[in-house]
Structure formats: structure tokens, C-alpha cells
Amino acid sequence: MSELSLRGVVKRYGATEIIHGVDLDIGDGEFVVFVGPSGCGKSTLLRMIAGLEEISAGELCIDGVRMNEVAPAKRQIAMVFQSYALYPHMSVYDNLAFGLQTAGEQKEVIDRRVQHAARLLKIEPYLGRKPKALSGGQRQRVAIGRAIVRQPRLFLFDEPLSNLDAELRVQMRVELSKLHAELGVTMIYVTHDQVEAMTMANRIVVLRDGVIEQAGSPLDLYNRPANRFVAGFIGSPKMNFLDGTVAGQAPDGLTIRLDGGELVAVPPSGAARERGTAVTVGIRPEHVELADDGLPMRVALTEQLGGNTVLYGALGAQQALVVQVVGQSGIRRGDTVRVRLAKENCHAFGGDGRSLAA
Ligand code: ADP
């Protein structure tokens, strides 16, 4: 059992504050992913949980006990890094066993745990090999195995798949999700890759500039982004953003006049919006529909992905729009297509970037 709570957690390097008072609760057995652009503070937050960085202010508790002053080795946490950091002169077996040997564990206990981890990670055939005789993916499995044998109450992963090629990353994502399901232990995983976050997390925490922008399940964030940053960060291809102003308000939503003159409807907003207020309409490429009575879009480029076709173009004169249609499309560069921005698929954001639905 391991629950985590961060209360007002701050990190400063000298006079520079880079984590600005993070509040977060993580439940027992959750798989939480910290995601955000490079430099947003994900690793620093993770390293503070591990005890590798001092907490400048605020409190970190694990299972209700304050951890701020507890040494990393006493926190019962295992961390897996992007660099595998294996001992090159030791066999895989010894790499897995080493931490337990130095902790004075009995030989049989060590052997049982090493074999168990090797079975879970499918590295049994390689136990006698040295790390240099392994592929990148196999080395990363050994690094994960080294964490498993310690039977920690919390696993921390810092971009563990970044060194692997695309295919292996996809495979390891699945393996890590399975591992989490089998072990049922709380895991916190740091990545800049929103696809990793969407595919593995029970809950995603989106960070920007040392602040939590939103925390929620992958589909919560996809369906109800709290602000323009989260809307643009989650989902691929990225959400389209179209500038406009409020043209009218009705109980079932707002009418927005886009800067090119087109009118679109968006769902009702929490508060009344005056005519003329600047807003940004957001719609995901996969939600734009082709419709004969829609708005004209001139296509500048098409990408054929086989299963989908992505059209890059512009609504009216200037507003860039990306449309993803299912299947293989004969639409070509230079064509004008008509697109419908259905109200139920539109988001609206105010001048401060916050969703009007909030
Ligand atoms: P991320 O993991 O999201 O890429 P980091 O947590 O590594 O981001 O870094 C967050 C910010 O803190 C960055 O702006 C980085 O430059 C800064 N930073 C990290 N370590 C130090 C340090 N030792 N001294 C000063 N600034 C640091």
C-alpha cells in the first residue's frame, strides 16, 4: 500500500523558483504520468519524491508519513532512469541481485526474486550474459528488473523509453502497463510524450513552467481540457485553434464569428460572454467533418497514412486548419473541400486561455 501526497511543494535553486507549490494526491496502485514540455519541472518533481533533490518548501508524505527529511534509501522507492546504469562487468543475474546482496538478503530470497523478475520481464534466457551482449530494450528490462527485485512500495520512471527506437517503445509501453497490472504497485512515470501518457496512465498530470495545468484521466483531458495549453498538448495531430469573437449567446451555446467572417457554434459557457469578446475556438482534426454544406477550406498539403488522411489547409483567407479523415482520400493539394465544425466537438477558450466550459 502506498499513497502519496504533495502539499505546496516548491523547488528553488538559489533565488530561482522552478516548482511553484504543487498539490497532488496519488492513490494506492495508481499509474500516474507527469507530462509536459522539456524544462517544465517533471524530473525535478520526481527527484524530490525520490529524495534525490531537497524540497525547498511544502510537504511530501508517503502513507501519511512526512518524507522530506528521510534519506532516499529509506523511502522504499525504486527509480528507473533513461540511462540504464547497469554494471558492465556483471552478468544480468548479478546486476539484478547486487542491490539485495549488499542489503544482506539471504541467497534463496535473492534467487527467488531475481527469477521472478526475470520471468515477468522475459529476460530469463539472458541471465548469464553481460549487458554489452544485450539490445537496448533488453538492457532497459534489466534496469526495470533491478527495481522490481527490491519490492518497492513506489516505482518512479524518468523517461525510461527515450533511448529506444519507435517500435520498441510501443512494445515496452504495453509491457509496462501489463507489469503495473500484475504488480499493482503505485507507479509515477515522467515523459514529454503525450502518447505515452495517454496509453499508460490511469491519471495524467500536465505540467507547465512548474505548475500543474490539469490532472485527470486520459479521456478527461482529451474531452474536457481545462485550458488551451492542455488542449494543444494532448492529442495528435494537435487541436486546431481558430480566433474569433462572440457574436451571440443562446441557452444552448455561443455563436462565434471567426476572424475570416465564418460563423460557428460552441457549447454553452459557464458564464455570460458579451458580444465582441475575443475567444479561441478549438476543434480536433479528427472531429472536423467533410460536409457539402460546410465552410470552404483550401487544401495546401495532404498526408496519406494509409488508415487515415490528414489534410492541411486554411479556412477562408488565413486560419490554418488540419483535418483528419478516416481512410484513404482522393483529395489533393489545391482542392477546395467543405468542412463542418460540429458544435458538440468544439471547445472555446477565453483570452486567458481557460476553457469557457469550466
Ligand atoms: P523536465 O524534466 O520537465 O524537462 P527539469 O525538472 O529537468 O524539467 O527542469 C526544470 C527546470 O529547472 C529547468 O528550467 C531547468 O533548467 C531547471 N533546473 C534543473 N536543475 C537545475 C539546477 N541544478 N540548477 C538550476 N536550475 C535547474
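Start with the open sheet: four strands in the order 17-16-15-18, paired antiparallel. Strands here are DSSP runs of E with at least two residues, helices are runs of H or I with at least four, both numbered from the N terminus, and two strands pair if DSSP finds at least two bridges between them. At the edges are strand 17, residues 319-326, and strand 18, residues 336-340, each pairing on one side only. Neighbouring strands in this sheet are turned by 50° against each other on average, direction ignored; the axes are lines fitted to C-alpha atoms.

This is a predicted model, where local features need pLDDT of at least 70 and side-chain atom pairs count only at pLDDT 80 or more, while totals for chains, interfaces and linings use all residues. Residues are numbered from 1 along each chain as its sequence is written, and side-chain values use heavy atoms, without hydrogens and water.

Back to the sheet. Strand 16, residues 308-315, pairs with strand 17 over eight antiparallel bridges. Within that pair, Gly 313 stands opposite Leu 321 of strand 17.

For polar contacts, the cut-off is a pair of N or O atoms within 3.5 Å. A polar side-chain atom of Thr 44 is 2.4 Å from a ligand oxygen. A polar backbone atom of Gly 41 is 3.0 Å from an oxygen atom of the ligand. The protein covers 55% of the 560 Å² of accessible area that the ligand has on its own, by the Shrake-Rupley method with a 1.4 Å probe.

Methods:
Axes are lines fitted to C-alpha atoms, for helices over the stretch in contact, and angles run from 0 to 180 degrees between N-to-C directions. A polar contact is a pair of N or O atoms within 3.5 Å; within protein, one must be able to donate a hydrogen and the other to accept it, and residues adjacent in sequence count only if both atoms are side-chain atoms.
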